[in-house]
Amino acid sequence: MGKDGEGGEQPHKSHRVRKSGASAKKKSKSKPNSTEGLSKELQKINNPKAFAFTSSKKAKRLQSRATEKEQKRLHLPTIDRNIGEPAPFVVVVQGPPQVGKSLLIKCLVKHYTKHDLPEVQGPITIVSGKQRRLQFVECPNDINGMIDCAKFADLALLLIDGSYGFEMETFEFLNILQNHGFPRVMGVLTHLDKFEDVKKLKKTKQRLKHRFWTEIYDGAKLFYLSGLIHGKYTKREVHNLARFISVMKFPPLSWRASHPYILVDRFEDVTPPEKVHMNSKCDRNVTLYGYLRGCNLKKGTRAHIAGVGDYHLSGVTALADPCPLPSVAKKKGLRDKEKLFYAPMSGLGELLYDKDAVYININDHFVQFSKDDGANPEGTEKGKQRDVGVELVKSLQNTKYSVDEKLEKSNISVFGKKPHISEAPEAVEKDHSTQSNYKEEFDLDRGRVRRKAVFENEMDIDNKDFFLVHKSGSGSLLVTSQDSGEDDDSDSNDSDETEKGDEDMLSDSGSSEDKEDEMGNISKWKESLLERTSSRRNINLEQLVYGTSGSKSSDDMKDAVEEESDEEFFKPKGEGKKKSNEGINDNDVDIDDCSKFVSTGSLKDWKNEDLIESIRDRFVTGNWSNAKARNELSEGTVGDDGEVLGDFEDLETGQKYEGDHTDDVGISNKDDALAAEERKLKKLALRAKFDAQYPFLQLDTYNGDGYSDTLKEKMELQKQTNIAELADVDEDKRVEIEGFRTGTYLRIEVRDVPYEMVDNFNPFHPILVGGLALGEDSVGYMQVRLKRHRWHKKVLKTRDPIIMSIGWRRYQTVPIYSIEDRNGRLRMLKYTPEHMHCLAMFWGPLAPPHTGVVAIQNLSNNQASFRITATATVLEFNHAAKIMKKLKLVGTPCKIFKKTAFIQDMFTSDLEIARFEGASVRTVSGIRGQVKKAAKGEISNKPSKKGGGKEGAIVRCTFEDKIKMGDTVFLRAWIQVEVPRFYNPLTTALQPRDKTWQGMKTVAELRREHNLQVPVNKDSLYRPVERRPRKFNPLVIPKSLQAALPFASKPKDLAPRKRPLLENRRAVVMEPHERKVHALVQHLQLLNTEKTRKRKRKEAEKREVLAVEKSKEEQISKKRQREERRVRYREEDKMKKKIRRNPQS
Amino acid sequence: MGKIQYKQLKGSQNMRLRLLLSTLSSTPIIIEDIRAEETLPGLRPYELSFLRLLEEVSDDCSVEINETGTKFKYKPGIVMGGRHLVHDCGTLRSIGYFLEPLIVLGLFGKKPLTIKLKGITNDSKDPSVDTFQKTTLPILKQFGVPPEGLELKIVNRGVPPKGGGEVILSVPIVKELEAAIWIDEGLVRRIRGYSFSARVSSQFENEMLHKARGIFNRLLPDVHIYTDHKAGVQAGESPGYGITLVAETTSGCCISADTAVYRGGEEEDEFEEKKELSPPGDIGEKIAATLLAEIEQGGVVDSTHQGLLFLLCALCPPDVSKVRVGKLSPYGIEVLRHISDFLKVKFSIKPDPATNTVILKCVGCGLKNLSRKAS
């Protein structure tokens, strides 16, 4: 066996298909279904129409559907303007607390770097492959952190506790992601070792996977981490996960592609220490470090620091990449393995390059001469073993800072992990909402409320599992407490390291200044050389325009001009004129504003033949080859020019460059890359040339490819020309022209940030610096299309403050909801529609149209339900749009003429009436009319003393018909609703992160706090409608008319007869026989009545007896039920108490 | 962000440009010391008229001017555009003065702009409306502005001092411009001229164009000058005549020169009056010489349009634009300075000694039309 294993490849046995047995039978069974076995003819015989369309309509429909699907797949191609190697991709690891986020990062880091990470603080950059770097960030558990993380994530790993199921955080995060551009998402199921039953595990996986798919797309990757081995995820699974990450492609997202942004991985306070000493609450200067992402960052752009505010980036400098790709890095150091790793907030990584210093962080076990240095508190105790010299050096280092200053510094960058706020256990255990198809469920686990997202179809399973899961949760309590202990240890370590870094910075700063001085001399000398040697003077022309330094004062400009005045060519033509004008206008800030250049010098006499010949080649009548040469020559010289300059700088500045950055990237490699780029460019140029020569061919190919391909082609060409045009510009100039490229490591200095940002800095919360484009720092009204989230339980009320997350920002604002009517009017809505989009208008910093918006009402962490209240997209900035509200003015007529009526109670003053002249009115019965004018003293039937005040408010209206006194007249009008000019940026970074940010409160919240009732207008209450019965007067027909009427229609109102009729009056005498019969009938009737009376009495007696019996029975049963209930309640109470006691123990 | 931060500027120079850039980059500005030292301090009526024009086309912009008019605050709003707008430009500066910033502003509006401008159509100080029609609008097309809806219609002519001209400008809106690499100046293919006479005999016109053509004929056969004799209402209220010459090259560049002759008002200085005295033939020769001087200089645009060209380059998406111009004009330099001031876009300026031209390169600021409504 051993020989075989070592000897070489063992030939694998080829697979042999089973020809008998169960599996063979299975295969043969399935075969007849497939078409393979059948010949074509046979198929046709079986079903000749199966593969043909039966109707042309259906064929058309299918075809259109197919093309629609095809088009849906297409996206408008976006130009990727990133040049060079990209910044590390950000992998955000998100999940509810205690799901294993940090552990996953630790395992992944371990996998890549073979390094054990004590704790995950801040972004961790690693090199994952030759072409790829990754930056791992742990998403904090509050909603603010989640929103910020969603804005910079390239890949989100959603960790889900498999033993528990989905929690609200996951869905909230997904929703935020979707609205801020959807980056790649991958689900990771953890805690799968809690399942004992394999079948159940399988089912749970299946269920969770399908639920995950419905949220993202069918087939979205859900990864399973089956369990822990030695407190770590299994190597194989982490390896697989890393493989998935490494092949992932990241599509450009439109918001991020148009805005530069930086995820800060290092943060320092650079306020002068004495200033802090004087006033510990003074505004601070901070430096932020991070990779530039998104798009190029120009100097002087404003940026938004999430949770802090808008700031000017006062100093931006590019630093050498702290974590370069291996292909670029020089193989100089020994420990190449560990260099692929950069996490300053976690206190790891070794070399830090700063603007003016290099920090060397030496791991303790690599230092040979002493085991520990002063930075380690435990080390001081062991200090006896130390060398004297070493100690001397260390003490010298220490003298630069006093101890308390160091302590201050240390508390800046490192914070202990705050414990989670434990939720009061009296929270409701379960809350089933009946309204939507999702349900929320809370239970108390490890001292916090877990917000479970339960869906109807899986309700039953979850309830069954409930107790089991709970038990396992409480079992792991001990582990968590241990973890927190570890945290504290690592904290102290980190603080020491940062202290050491500070020392380094101070010691190095002196020498770097010296260097700069030297450089200054050299550059001066070189300048004069330049002036003498170069005949091109391209810098001079730029200086002429932009001035020598950054300052743009006109005096400077003039000086520059005078210096160069001997060169005729580069003198701007107007300069002479300007000077001559100076006599008239003593300062040239008021010169005339005129784009046309009027040359004061005498024009040449173009009748001269020589002159004409001199410009002949500029015309088509001239020599074409000459003209061509003119263009070519110029191009050639430009190229030469560039080369000359390049060489020149290689001699001088090249050295300078190296001197400046001691550890610069390899030049040879850069050259290689340049060469490759040039080759690529040449190819493209050739292509472009070919296209130019054969435009018809080009057209053909484009038509064949389709629109999107044409666009793609165009964009690629544009990108290549960009690269080509900027290739010959030197580094400093390039930065000035196009800004810092994406992927560079930047140091940004921000002045005058509030001290709270430094004080409350927490490395667990990533800092996002997002650049603002033109016009995005101004404030105005914005209109968004908004929809309440279907999982949010209430509709939203107009004028209730709400927190919006738009672009980089988060701010609280007061929206007014509206909907567009048929005629384009924006009608105010008191509440958002239940399931429909509506418009929302609010005041705030502007964001370009199509930007996604997430709205939140409550930021608190222990809130039970789904926190995202609404989602929206920005439609436009709109100052002109008016939101209207309906107003109904109601009045009653006080005097009616033919078609004119005086209406009272509608207006309160003549002025109001004047405003509404010509407005249309209507009565309840539907008679339309028009407001005319205020009535002046025309009403005589009203006592003027009583209604003296009212008289002004009476208005004359005309109607299309006569109205009745009982009619109500109303006027339908619209009034504009003012949108409140209020917005309040969320300053969550300026307060402790575990504190909930409190902004403006809603009216309902205030009422609840102050225990106020909702004010009730008595007039608005509904009362029972009282309708008096109408009294109608008798109809009177005039006598003349009556006479003319036919008899049938005549009213027959004769007086009632006074004497009774004869029949009633006369007496009746009976015959003897008749009398007998009559008596008999009377007797019989008497008997009958007596019988019924007896029977009735008997029945009543019976009923009474029955009722008594029944009441007795009822009493007994009631008693029994009460007893039963009491027993049940007692048991339930016991159970509850037990649960309450469990998590506390 | 609570308080509005104004950008502080001084003097009345380049006010149009400053206001335009302020509106495009939505930076509020304060301009101080406007002709503070002069006998007639403060804003001129035409500057006020321009401010009013801005208020007309944009929404929610605010202008505060102090009592003497030497200082004002301008907070830009949103460019609304819209149809059936009318603006009276006054008779101090010609319509060209207002058109230059307006066409750029109109591109970045909420709705396409159609505006009727009244005033002086042709004078010798600002580019004439003919120049706009034939030269400026084609420049815009180079930067991806759709030709549909981009139009300038001359209704009436009007020359100083009384004006009375009328043009209708319509500008479409764009989402963003397109970067242009435009360095091929080509060869002059043909020369077209547009002369007009208003309230004067057409004889003036004929003589002028005859002389002008005399110069070109030795260089190029394809020269044609259109005449446009106006009478009645269309001729405006003052007598005058003028000419615009446009040289078109094989690569589609247009180089123009224009002038107008009229009886000067009170405010004209002696220099202008002298010019007025010269016979029409001399005017024709002079303007032909000016055009030839422009052609000799090289570049894809003439010196008048340098400013506009630089501005368009700077407003492009963050791609490289590259243009070639002749000598930098003072106005062009001012534009470059202001662009770097407001839009933070700097140009790389390289002379091309072989052709005595300058090649400018820049990466656009990536301005997008934010006021457009999302559909």
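Okay, let's start in chain B, with an open sheet of 4 strands in the order E11-E16-E18-E17, mixed in pairing. Strands here are DSSP E runs of at least two residues, helices are H or I runs of at least four, and both are numbered from the N terminus; two strands pair if DSSP finds at least two bridges between them. E11 (181-182) and E17 (348-352) of chain B are the edge strands with a single partner each, so one side of each has no neighbour in the sheet.

Quick housekeeping: this is a predicted model, with local features needing pLDDT of at least 70 and side-chain atom pairs pLDDT 80 or more, while totals for chains, interfaces and linings use all residues. Residues count from 1 along each chain as written, chains are lettered from A, and side-chain values use heavy atoms, leaving out hydrogens and water.

Back to the sheet: E17(B) runs antiparallel to E18 (residues 357-363) of chain B, over 5 bridges. In E18(B), B:Leu360 is the bridge partner of B:Ile349.

Now the interface. Contact, meaning heavy atoms within 4.5 Å, involves 85 residues of chain A and 102 residues of chain B. About 8600 Å² is buried between the two chains, 57% of it from carbon and sulfur atoms; that's accessible area (1.4 Å probe) lost on putting the parts together, summed over both. On the chain A side, A:Tyr546, A:Asp593 and A:Arg618 lose the most area to chain B, together 9% of what that side buries.

How many salt bridges are there between chain A and chain B? The count is 10, taking a Lys or Arg side-chain nitrogen within 4 Å of an Asp or Glu carboxyl oxygen. One of them joins A:Lys596 to B:Asp258, closest N and O atoms 2.4 Å apart.
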